[in-house]
Amino acid sequence: MAINTLAFCEKLSGELDKALVQKSVTSFLADNAMRAKFVGAKTVLLPDIDFQGLGDYNRDEGFVRGSVTVAHTPYNLTMDRARTFSIDREDMDETGIAGLAGQVLGEFVRTKVAPEMDAYVLSKLAKTATDAGQTLSLTTGKTVKDGCLDLLGRSMQEVQKVVGFDEELVAFLDSTVYAALLSTPELSRQLDAGDFKKGQLSTQVKYLNGMAILPVPDSRMKSGYAFKDGSTDGEEAGGFTPVDAAKSIGLLVMPKKACSLIKKTEKIRIFEPDQNQKMDAYQFDYRLYYDAFVKKSHLPSIFVYTY
C-alpha cells in the first residue's frame, strides 16, 4: 500500500513533536530558544546583553556616555541521537501503515525519547549549579519528610536573591521530595492549581507562591548519565543509565527562562518496502539533534539539592 510519503512524514513529525512536548517535563525550555541562530552544523549563537550602570547627569556636559554589549555566545550541540525501525510488509494490520507507524513511533517517543531528553537536560542543569557552588542542603537535624517545605522555601529565596521577585520560577522535584511535600499539613493552604504553558500546549500543575511545582520520575533525576551509542558491545540497547557516582536530584529550582533547549533536527524519514534495499519492510528513521544551554547571565540563578 503506497502512501504520500512527504505529506505523511510532515504530519507524523508534527504529531511526534507534540508527543515529545507533552511527555517531556523539560520541553517548555524550547520556548526560550526563539532567538537562537545557527552557524555551521553544530554551533548555535545565543545573545547575552550587558549594560553599564547609571552615572550622574552633568548640567554642563550632559549625559555620561555608556555602552551596551551584545555578545552572541557560541554553544556547540552534543546530543545527536537516532534510531531506525523496520515494520515488515506482512505485519500491517487493518489500521494500515499510517496507524501502525503512529502507534509504534508515538510509544517510542513516550517511553524512550522524552525520558532521555529530560535526564540529559536535568543532569546538565544540576551539574551547572553544583559546579557554581549553588547547592542546597536540609537544615541540620531535619529529614526530607519534615524539612522539604523549608528546603523549597530557601531555594526559592536563593533564586529570588539573584533575579528578583517578578520572574516566573519552576521547581523540579523527584518522587521523594514531592511525596514529602504533599504530606506536609501546612502546605494544603499554600498550593494552587494553574495552567503551565509548554509551547502551544497547556497543562495543569501545582503552584507554591507563584512557583510551578513539576514532579519528575526518579529515573530522570540523577546527577550524571551514560548515553549508550546503540552499537558498541554492551550498548546495543541504546538509551541511558545513571553513572555509578550519580546522586539523586531531589530538588532543582530556577527561573523558567534560565535555560534554552535547542532542537536543530527533529525529523522522521520513511522508506516503503519497494525502496528498502535490505528487507521487504517499511523503514522509519527517527533523529533528534539537540542540547540545552544556560546563558552566562542566568548561571547564578540555578540551585540544586542532591542526596
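I began with Asp131 and Lys127, and both are exposed (over 50% relative accessible area; buried is under 20%, partly exposed in between, with a 1.4 Å probe and protein chains only). Their side chains meet in a salt bridge, 2.6 Å from N to O (a side-chain nitrogen of Lys or Arg within 4 Å of a carboxyl oxygen of Asp or Glu). Both lie in helix H2, four residues apart, about one turn of the helix. I also noted a network: salt bridges that share partners join Asp17, Lys263 and Glu266.

A reminder to myself: this is a predicted model, where local features need pLDDT of at least 70 and side-chain atom pairs count only at pLDDT 80 or more, while totals for chains, interfaces and linings use all residues. Residues are numbered from 1 along each chain as its sequence is written, and side-chain values use heavy atoms, with hydrogens and water left out.

**Arg89 and its partners**

Which residues does Arg89 bridge to? I found Asp280, with the closest N and O atoms 2.8 Å apart. That pair links Arg89, in the loop between S4 and H2, to Asp280, in the loop between S12 and S13, 191 residues apart. Asp274 meets Arg89 as well, at 3.2 Å from N to O. Asp274 lies in the loop between strand S12 (259–271) and strand S13 (281–294), so its pairing with Arg89 ties together parts 185 residues apart in sequence. Helices (H or I, at least four residues) and strands (E, at least two) are DSSP runs, numbered from the N terminus. For exposure, I noted Asp274 as exposed at 69%, Asp280 as partly exposed at 40% and Arg89 as partly exposed at 26%. My search of the whole structure gave 16 salt bridges.

**The nonpolar patch**

I then looked at Ile49, Phe51, Val68 and Val70, which make a nonpolar surface patch of about 390 Å². Patch residues have over 30% relative accessible area and no salt bridge; like charges are joined within 9 Å, nonpolar side chains (Val, Leu, Ile, Met, Phe, Trp, Tyr) within 5 Å. Strands S2 (43–51) and S3 (68–76) each supply at least two of the patch residues. Val68, found in strand S3, is partly exposed at 46%.

**Asn209**

Where does Asn209 sit? I placed Asn209 in the loop between strand S7 (201–208) and strand S8 (211–215). Its phi is near 50°, a positive value in a residue other than glycine. Most residues other than glycine have a negative phi. Asn209 is exposed, at 57%.

Conventions
Areas by Shrake-Rupley, 256 points an atom, 1.4 Å probe, with all protein chains shown as cover.
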